[in-house]
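Please open the model in a viewer and keep the selection tool at hand. The stops below proceed from one selection to the next, each with a short account of what is found there.

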Amino acid sequence: MEYCEDYGHHFVVHGKDVSGHARSYLSGLLGTQRRKNIGRIGEDVEESNYQGMQQLISDSPWKENALMDQVAREANGLLGGHRHSALYLDETSFIKKGDASVGVQRQYCGRLGKLENCQVGVFGCLGREERAALVDARLFLPEEWSKDAGRCAKAKVPETERVHRTKGELALLIVERARQRALSFQWIGGDEIYGNNRPLTDALEDMGETFLMDVNSNHGLYEEDPCPRAKAQRPGLRGRPVCRLEPGNPRAAHCPASELVKRYFEAESRPVTIRQSAKGILRARLLVRRCWQWDGKSPEARVRLLVARQEADGTFKYSLTNAPESTDWEQLAYMQAQRFWIERAFQDAKSELGMAQYEVRSWRGWHHHIALVCLAMLFVLKERLLATEHTPLLSARDIVELLAFYLPRRNRNEDQIFQSMQLRHNQRARDIAMRRTKRKPVVTK
């Protein structure tokens with residue numbers, strides 16, 4: 001409860017203090033209920049108020065960005081400023097029914113590995129060694145949504161946000177915001193969605209950032225510079241320089257990452273120690289080789305290091321980085337393996353902290369809910385760090401179970417249980433009736 005007091009000022013809006021509802025909602029996210037929507041939280045948390053929490057999440061004008069600024073700064077104090085501090089970029093999906101939830105459409109769902117009706121959020125995660133905290137979140141608004149003013153208005157999307165931004169563009173905004181918040185990290189990690197995005201990685205390099213991101217096995221690379229600066233430029237259309245390959249330079253041919261690895265892995269790879277894991281020391285066989293990226297138009301190609309790690313089953317993980325060639329191979333292997341921790345952060349947030357169990361449809365509702373989940377994650381991180389010496393294996397699940405005992409919960413009698421059931425049934429009946437009235441009648445001839 002003292003932890004909540006440090007953030008109470010964010011929930012005083014227009015002279016009205018709604019911090020009590022925020023405390024109840026946070027307590028519910030840290031509870032043991034199977035589902036952690038507002039209704040279930042209201043049934044679980046003592047002295048909570050359903051209508052108050054609904055107002056807090058869906059309509060109250062408290063600023064989630066201000067709360068996230070504080071969460072990010074405090075996470076930086078715990079995880080930033082170290083040679084192993086990194087910012088990880090990734091997305092996660094939220095499966096939804098219907099078409100009313102903001103940003104929902106049939107799109108790729110990473111959780112299921114296929115197209116599904118869902119929302120997608122792009123996240124920034126500050127990490128250091130095995131600890132991580134979510135510090136930023138951006139809802140992906142599909143182009144179909146951005147072009148539909150009526151639909152955006154109904155979902156209460158601010159006019160300034162009714163713009164379709166690619167996931168790469170959202171990721172770049174997250175990095176820019178992280179630097180504005182003075183977060184201290186050494187490199188940026190990401191999966192194939194972001195590593196294959198040349199505009200993103202080029203922009204990060206132009207900003208002075210070091211990145212190491214995964215790429216597909218068929219990601220096109222050059223073994224030698226395909227764009228010699230001195231001899232191979234000629235004026236193109238409108239005076240734009242066009243690069244030409246030097247005659248007799250077959251090694252500069254375009255080829256997939258997997259082909260480069262196949263040529264050199266057996267002769268040049270070596271075993272490396274990555275880090276200590278729960279299953280013992282993590283080791284792998286690694287190849288690091290200089291290569292070039294070129295889009296066929298730019299006056300210069302970009303120098304990269306291809307980092308290829310052979311997995312236990314013989315398959316390979318491919319990554320590209322703009323780190324200096326002098327970077328130690330063990331360090332590159334460590335950087336490549338660290339993106340695992342944002343996946344673990346999503347797992348804890350969804351399985352223990354109710355990240356995917358919200359039942360709000362508006363833009364504000366989504367961002368309010370996610371901000372409070374990030375606040376709950378920061379609490380878990382602080383507790384785990386405090387317990388490092390005496391309980392080093394303390395998990396998010398352990399903390400949730402302890403809070404189920406320590407925090408005040410409702411002790412409901414039989415009548416109250418039936419009353420809650422009746423309220424849920426009434427709400428479901430209203431939803432069914434509303435959908436039926438919206439359904440167009442079928443005309444038969």
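Begin by selecting Gly-189, Gly-190, Leu-212, Met-213, Asp-214, Met-335, Gln-336 and Arg-339, the residues that line the second largest cavity. The model is a predicted one, and the volume of this cavity is computed as about 30 Å³. Colour the selection by element: strand 7 (187–190), strand 8 (211–215) and helix 12 each contribute at least two residues to this lining. Strand 8 is the main contributor, with three residues. Coloured by class instead, the lining of the second largest cavity divides into three nonpolar, three polar and two charged residues.

**The largest cavity**

How many cavities of 30 Å³ or more are there? The count is two. For the largest cavity, select Cys-4, Tyr-7, Gly-8, Phe-11, Ser-19, Ala-22, Arg-23, Leu-26, Leu-372 and Leu-375, which form its lining. The space in the largest cavity amounts to about 70 Å³. Helix 2 and helix 14 each supply at least two of the lining residues, and helix 2 gives the most, with four. By class, seven residues of this lining are nonpolar, two are polar and one is charged.

**Helix 2**

Now extend the selection to the whole of helix 2, residues 19–29. Is this helix largely enclosed or largely open? Eight of its eleven residues are buried, so helix 2 is largely enclosed by the rest of the structure. The buried residues are Ser-19, Ala-22, Ser-24, Tyr-25, Leu-26, Ser-27, Gly-28 and Leu-29. To see what covers these buried residues, display the elements that include helix 1 (2–5), strand 2 (16–17), helix 3, helix 4, helix 13 and helix 14.

Return to Leu-372 and show its surroundings. Beyond its neighbours within four places in sequence, Leu-372 is in contact with Phe-11, Tyr-25, Leu-26, Leu-29, Leu-56, Ile-57, Trp-62 and Leu-67.

Next, centre the view on Glu-130, Arg-275, Phe-340, Trp-341 and Arg-344, which lie nearest the centre of the second largest pocket among its 34 lining residues. The volume of this pocket is about 970 Å³. The elements that give two or more residues to its lining are strand 6 (131–139), strand 13 (270–277), strand 14 (280–293), strand 15 (302–310), helix 12 (329–337), helix 13 (340–352) and helix 14. Helix 13 makes the largest contribution, five residues. A colouring by class shows 18 nonpolar, five polar and eleven charged residues in the lining of this pocket.

**Cysteines**

Display the cysteine sulfur atoms. How many disulfides does the structure hold? The number is zero. Select Cys-109 and Cys-118: the sulfur of Cys-118 is the closest cysteine sulfur to that of Cys-109, yet at 4.7 Å it is too far for a bond, because a disulfide requires the two sulfur atoms to be within 2.5 Å. Cys-109 counts as buried, with 0% relative accessibility. Cys-125 is likewise in no disulfide, and its nearest cysteine sulfur, in Cys-374, is 9.2 Å away. Cys-125 also counts as buried, at 0% relative accessibility.

**Two loop residues with positive phi**

The tour ends in two loops. Select Glu-47, in the loop between helix 3 (38–44) and helix 4 (50–58). Its phi is near 65°, a positive value in a residue other than glycine. Is Glu-47 buried or exposed? Glu-47 is exposed, with a relative accessible area of 72%. Finally, select Lys-156, in the loop between helix 7 (149–154) and helix 8 (167–180). Lys-156, too, is a residue other than glycine with a positive phi, here near 60°.

Terms used. Residues numbered from 1 in each chain as written. Predicted model: local features only at pLDDT ≥ 70, side-chain atom pairs only at ≥ 80, totals over all residues. Heavy atoms only, no water. Contact = heavy atoms within 4.5 Å. 1 Å grid on protein atoms, 1.4 Å probe; cavity = no way out; pocket = protein on both sides within 12 Å on 5 of 7 lines; lining within 4 Å. Points joined across faces, edges and corners; volume = space filled by probe spheres on them. Nonpolar A, V, L, I, M, F, W, Y, C, P; charged D, E, K, R; others polar. Buried < 20%, exposed > 50% of the residue type's maximum accessible area, 1.4 Å probe, protein only.
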